[in-house]
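Colleague: I am new to this protein and would like to learn how to read its features one by one. Could you take me through them slowly?

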Amino acid sequence: DDFGNKLHVRSKNFAVRGYLLFKKGSRFDAQKIYESERLLRSTSFINRVSILPIDSTSTKDSVDIAVTVLDSWSLRPSVELSGKKFGIGLSEGNFLGMGHEISMLYRTDFSDKRNYTSAGYKANNIYGTYINAEISGEKDFDNNENVFMKARRDFYSPLTRWAGGFNIDYFKKSIHVPVNLEDENLPLATVKVHNQDFWGGYQ
C-alpha cells in the first residue's frame, strides 16, 4: 500500500474545485450540489465523492460545505506479446494530479521489422470551464500517419446553457493507385486528407 501511494499522485485541490458548480459566498442550491457530485463521480480520476453541509459550523445565514473525494488508481501500464509481435504502453488518467490524461503505446513486429507508435494528451475541464482539449497522433505499421486535435464543451449538466467544439483531423496514407488495369504492379501514391468540423449549441 505504501509503495502504491508513493507512485500515485494525489488530485490537486484546484482540479476538484473546478468541477463544483457552486462558489464561496453563493446562494445555497441543492441541485448544484447534487450535480457537482455527479460530475466529479463521472471523471476518470475520482472513485468516490461526498458533498455535505457541516452542521456544527453552519449558522442561520450561512452553510459550510465539506467536499470529500477518494482518488481512483490512474496509472495503467500494459504489455502485449503475441508470436513475433511485442507491445508496451502506459496511460495516466490523472497526470500531475490535474485530472488530465496522457497515453503512449509502442508495438513492434519482429518478423517484418515494422513498428507502430501512438501518443495522446487530453486536458480535462481547463480552468474550470468544462472545456476538454485533446491532441493525439499515431503512425501505423505501414507508416500511415494520423493526427487530430479537438476541443469541446458538452452539455455536461441540465444547468448548462451553451456548448460547442471543433475537430481538426489529418491523415497521410499510402495506397496503390490503378493506372493500367492490366498491370498487376500498382504504383504507390500518398494521399493526404485534412478535415475540420465546428459546432455549437445553446439551451
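**Reading the model**

Modeller: Let us begin with the strands: β7 and strand β8 (residues 145-153) pair in the antiparallel sense over eight bridges. Please keep in mind that this is a predicted model, in which local features need pLDDT of at least 70 and side-chain atom pairs count only at pLDDT 80 or more, while totals for chains, interfaces and linings use all residues. Residues are numbered from 1 along each chain as its sequence is written, and side-chain values use heavy atoms, with hydrogens and water left out.

Colleague: What do the strand names and the pairing rest on?

Modeller: Helices (H or I, at least four residues) and strands (E, at least two) are DSSP runs numbered from the N terminus, and two strands pair if DSSP finds at least two bridges between them.

Colleague: Which strand is joined to strand β7 (residues 132-139) by seven bridges?

Modeller: That is strand β6 (residues 114-123), which runs antiparallel to β7; here A123 stands opposite A133 in β7.

Colleague: How should I read a pocket, and what is the volume of the largest pocket?

Modeller: The search uses a 1 Å grid over the protein atoms alone: a cavity is a set of points where a 1.4 Å probe fits but cannot get out, whereas a pocket is an open set with protein on both sides within 12 Å along at least five of seven lines, and lining residues have an atom within 4 Å of a point. Grid points are joined across faces, edges and corners, and a volume is the space filled by probe spheres set on the points. The largest pocket has a volume of about 480 Å³. Its lining has 17 residues, of which K23, K24, G25, V63 and I65 are the closest to the centre. Strand β2 (residues 65-71) gives the most to this lining, with three residues.

Colleague: Is E37 buried or exposed?

Modeller: Buried means under 20% relative accessible area, exposed over 50%, and partly exposed in between (1.4 Å probe, protein chains only). E37, which lies in helix α3 (residues 30-41), counts as buried because its relative accessibility is 16%. Leaving aside its neighbours within four places in sequence, E37 is in contact (heavy atoms within 4.5 Å) with V49, S50 and I51.

Colleague: What is a salt bridge, and how many are counted?

Modeller: Side chains of opposite charge can pair when their charged atoms come close. The rule asks for a side-chain nitrogen of Lys or Arg within 4 Å of a carboxyl oxygen of Asp or Glu, and the count comes to eight salt bridges. In one of them the side chains of E145 and K172 meet at 3.7 Å, N to O. This pair links distant parts of the chain, with E145 in strand β8 and K172 in strand β9 (residues 162-176), 27 residues apart. E145 is partly exposed at 25%, and K172 is partly exposed at 24%.

Colleague: Which residue forms a salt bridge with R152?

Modeller: The partner is D154, with the closest N and O atoms 2.8 Å apart.
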